[in-house]
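Work through the exercises below with the model open. Each task is followed by a stepwise solution.

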Amino acid sequence: MSLLLSNEGELMTDDATPDISTLARLYGRHVFQTAYRVLGETSLAEDVQQEVFLRLLEKPAVEVASWPAYLSTLAVRQAIDRLRSRQRWRRLLPVWRASAPATFDSTEHEAMQSERARRLRLALAALKPREAECFTLRFLQGMEIGQIGHALGMTPNHVSVCLHRATRALEARLADARTTAPEVL
């Protein structure tokens, strides 16, 4: 099996199917970083990275226009699914187990940043899937609206509407979290 570059500079094999091991070498770090931006935990991001490439092995993609965009989209979807799954489990576990204290060996600022990131992850998990994907790809991955639309099969206008709705919902959720959060001394 020989490797070829398509007209768009994308990696392909001679039979028009991607070589997964080469894709993993080329884009593995990108997939990990995408998942980490959503999840904020190394171990979970590594799990998502592995799931993305396993999924490609089990069900190869056909006619991918941009591997980085496609893999980012897969990583974001898997990461959001992980967030939702964690939320479901936390509701099932006793409160004392779910809220085990996190230890911070760093400054108060880092603790506040960590708490903000946690609240954002929870708020993202509560969004509609399409809105969460658009928000994550735009603001955490830095993709342009046209790229997001292409990657998700949406019009740029629909992407903009989803981004607006996601931003409004996140602002409301995060404002509610600030007013109901207990004050830390």
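**Exercise 1. Contact range.** Find what share of the contacts with a separation of 6 or more comes from residues 24 or more positions apart.

Solution. Step 1: apply the contact criterion, heavy atoms within 4.5 Å. Step 2: take the contacts in the protein with a separation of 6 or more; residues 24 or more positions apart account for 60% of them. Step 3: note the basis. This is a predicted model, in which local features need pLDDT of at least 70, side-chain atom pairs count only at pLDDT 80 or more, and totals for chains, interfaces and linings use all residues. Residues are numbered from 1 along each chain as its sequence is written, and side-chain values use heavy atoms, without hydrogens or water.

**Exercise 2. Elements.** State the order of the secondary structure elements from the N terminus on.

Solution. Step 1: assign helices (H or I, at least four residues) and strands (E, at least two) as DSSP runs, numbered from the N terminus. Step 2: count eight helices and two strands. Step 3: read the order, β-β-α-α-α-α-α-α-α-α.

**Exercise 3. The core.** Identify the residues with the most contacts inside the largest nonpolar core.

Solution. Step 1: define burial as under 20% relative accessible area, with exposed over 50% and partly exposed in between (1.4 Å probe, protein chains only). Of the 185 residues, 34% are buried. Step 2: join buried Ala, Val, Leu, Ile, Met, Phe, Trp, Tyr and Cys residues through side-chain atoms within 4.5 Å to form a nonpolar core. Step 3: the largest one has 42 residues, and Leu-56, Trp-67, Leu-71 and Cys-134 have the most contacts inside it. Helix H3 gives the largest share, nine residues. Step 4: check Leu-56. Beyond its neighbours within four places in sequence, Leu-56 contacts residues including Ile-20, Trp-67 and Leu-71.

**Exercise 4. Aromatic pairs.** Classify the ring pairs Phe-32 with Tyr-36 and Trp-67 with Tyr-70.

Solution. Step 1: rings of Phe, Tyr and Trp (its six-membered ring) pair if their centres lie within 6.5 Å; planes under 30 degrees apart are stacked, over 60 edge-to-face, the rest tilted. The whole structure holds three aromatic pairs. Step 2: the Phe-32 and Tyr-36 centres are 6.0 Å apart with planes at 25°, so this pair is stacked. Both residues lie in helix H1, four residues apart. Phe-32 is buried at 16%; Tyr-36 is partly exposed at 36%. Step 3: the Trp-67 and Tyr-70 centres are 5.6 Å apart with planes at 90°, so this pair is edge-to-face. Both lie in helix H3, three residues apart. Trp-67 is buried at 1% relative accessibility, whereas Tyr-70 is partly exposed at 27%.
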